[in-house]
Each structure stands twice: as C-alpha cells, then as structure tokens.
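Good morning, and thank you for coming.

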Amino acid sequence: MEKHTVTVASLPLGDNPIPNNQIKIADLLPDPESRLDSMEMKEKPIGDSSIPYRDLTDSASKKESIARLIDKLDVAANIRYQRTEEDTYCNVYSYDYCYFCKVYLPTVWWTDEALEKILKGQEVAAVFEQTVDRIYSSAIHDWFLQWGASFGWERILTVDEIQNKVNANGGIGIICAKRKEKGLSGHIVPVVPETSTHKAYRENGIVVYPLQSQAGKLNYNYFSEVREDWWNDELYSSYVFYYHD
C-alpha cells in the first residue's frame, strides 16, 4: 500500500444512483439470543434494551449518542465480534452499528427468487434461509452499488469528504471493499465522528486515514493510521465509500 495518499474511490460497473421504491428492507426480528456476550444468532438484531440508539435530535446529540453506542458495543472486547478459526465479523459489527444508528444496512438479503417477486409488487416475508440469506462484505459492496440509493445511501468519492460529513452531521459513513478472489471475505468498516480523544489522520489539513471502528482479524473501537489506507490493499478489486444522514 502506498502511504500518505488521498485516494478517490474506484468506479465499478453497476453503480445505480436511482432509488427503486419497490424494494424493501430484508430484516429479521430481534432475538433475545442475539447478544453481545454470545456468538449465536448473528443474523438477527440484538435484543438488548440497554444498547443506546442514535439520538436524532440534532448533530450534537447524534455524535454524542454514537460515541456511547461505540462504547457499549465495545467491538474490541465483546464476544459477538471476536474472530474464530473460520471467520471474522466485520459485517456483523457494521450491521449492528447501523441498526442502532437507525440506518439500514443488510445482514441478510433477499434470495434471487424472493427479489424477483418483490420487484413484481408481490408481498414476501423475510424468512431466514428461505426468502433471505446472510450477506457478506464483498456482496454488500455490490449491494451498495445496486440498492444503496434506495435506502438513502449517498456515494462519496474521498475519505476527506466522508469524514467531514460524518463530523458535521453526526451521520453514518461506510467503507466497503470487495475481494478479488471470489468466495473470500472482503471488508466493511464504519467511519465514525471524531471525538476529543480519537482523531482521523490528516496531512495538510486533508483526511488521509479516517477515524474508523471495526471487527476483523483485529478489532478496534477506534482507529485511523494503524491500518493506513487498507481499502487500497491488493487483495481487493474495488471499494466504495457511502454516507447516510
């Protein structure tokens, strides 16, 4: 990876900025077995009333509540997000982060058959491993391009812009990268508001490495320059930056 460069997101084929009002959320109901202290039911929202939602009153309340949410989810320590011999859970953490920020990001998505029915105007219920299946980070990259605009996501071209928008508005930023080798894991990471103690890395006032929070091979509640511009790694064929108020 080349250090200290301001990158512009690649523009893969299939970028669709036009919302489709026929498409709908694929979400399962919260489950009491889906918990921070458990590895079970990761496909379902966490059923824990002690986890704070983002307070949408104004930009200050949004940023303050996001900081509380990151502290509560505590991706560095909680069992739900710890890597196993088989897998890492960047997608699970990103889903949980967006869910409690009141923004839609899929952790399961419609099967091709279910999607075809929905786009024809038919009613389809989300039933795990029947009409919906888990979606992983490489597929989420493509989901953003195809369906992101339908759920309020805006394509952003630089990390400086996405960090500034997250800071100014208390919004949600995402970096998502797709693996070159089919079947292997990509990566997805929230870009989070800067705090008094946690900062993005800048050169000449321009954000080079945004402030992020991730599950992965290593889990960080907050990080910036420790992983540099990871999305430019040669493992990935493409990456996208997206923002949601």
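Which residues does tryptophan 109 touch, not counting residues up to four places away in sequence? Tryptophan 109 touches Ile23, Lys24, Ala26, Tyr104, Leu115, Thr131, Val132, Asp133, Ile135, Trp143, Trp147 and Phe151, where contact means heavy atoms within 4.5 Å.

A word on the source. This is a predicted model, in which local features need pLDDT of at least 70 and side-chain atom pairs count only at pLDDT 80 or more, while totals for chains, interfaces and linings use all residues. Residues are numbered from 1 along each chain as its sequence is written, and side-chain values use heavy atoms, with hydrogens and water left out.

I turn to the core. A nonpolar core is a set of buried Ala, Val, Leu, Ile, Met, Phe, Trp, Tyr and Cys residues joined through side-chain atoms within 4.5 Å. Buried means under 20% relative accessible area, exposed over 50%, and partly exposed in between, with a 1.4 Å probe and protein chains only. The largest nonpolar core has 66 residues, of which Tyr81, Tyr97, Trp109, Trp110, Trp143, Phe144 and Trp153 touch the most other members. In soluble globular proteins, nonpolar side chains tend to be buried together.

Next, the helices. Helices (H or I, at least four residues) and strands (E, at least two) are DSSP runs, numbered from the N terminus. Helix H1 covers residues 59-73 and reaches 21 Å from its first C-alpha to its last. The buried residues of H1 are Ser61, Lys62, Ser65, Ile66, Leu69, Ile70 and Leu73. They cover an arc of only 170° around the axis, which puts them on the same side of H1; the arc is that of the directions from the helix axis to the C-beta atoms. Their cover includes helices H2 and H5 and strands E4, E8 and E9. At the start of H1, a side-chain oxygen of aspartate 58 comes to within 3.2 Å of the backbone nitrogen of alanine 60. Aspartate 74, with a positive phi near 40°, follows H1.

How many residues of H2 are buried? The count is 10 of its 11 residues, among them Tyr93, Tyr95, Tyr97 and Phe100. The buried residues of H2 pack against H1, helix H4, E4, strand E5 and E8.

After H2 comes lysine 102, which has a positive phi of about 65° although it is not a glycine. Most residues other than glycine have a negative phi. Lysine 102 lies in the loop between H2 and strand E1 and is partly exposed, at 49% relative accessibility. Glutamate 228 also has a positive phi, near 50°, and belongs to the loop between E9 and strand E10.

Strand E10 itself is mostly covered, with 8 of its 9 residues buried. Two strands pair if DSSP finds at least two bridges between them. E10 pairs with E4 in the antiparallel sense over 8 bridges, and isoleucine 175 has phenylalanine 241 in E10 as its bridge partner. Strand E3 pairs with E10 in the antiparallel sense over 3 bridges, and there arginine 155 stands opposite tyrosine 242.

Finally, aspartate 31, in the segment before H1. Is aspartate 31 buried or exposed? Aspartate 31 is buried, with a relative accessible area of 13%. Its side chain reaches the backbone nitrogen of glutamate 33 at 2.7 Å. Not counting residues up to four places away in sequence, aspartate 31 touches Met41, Lys44, Pro45, Ile46 and Gly47. Thank you.

Terms used
Expected span 1.5 Å × (residues − 1). Polar contact = N/O pair within 3.5 Å; in protein donor to acceptor, adjacent residues only side chain to side chain.
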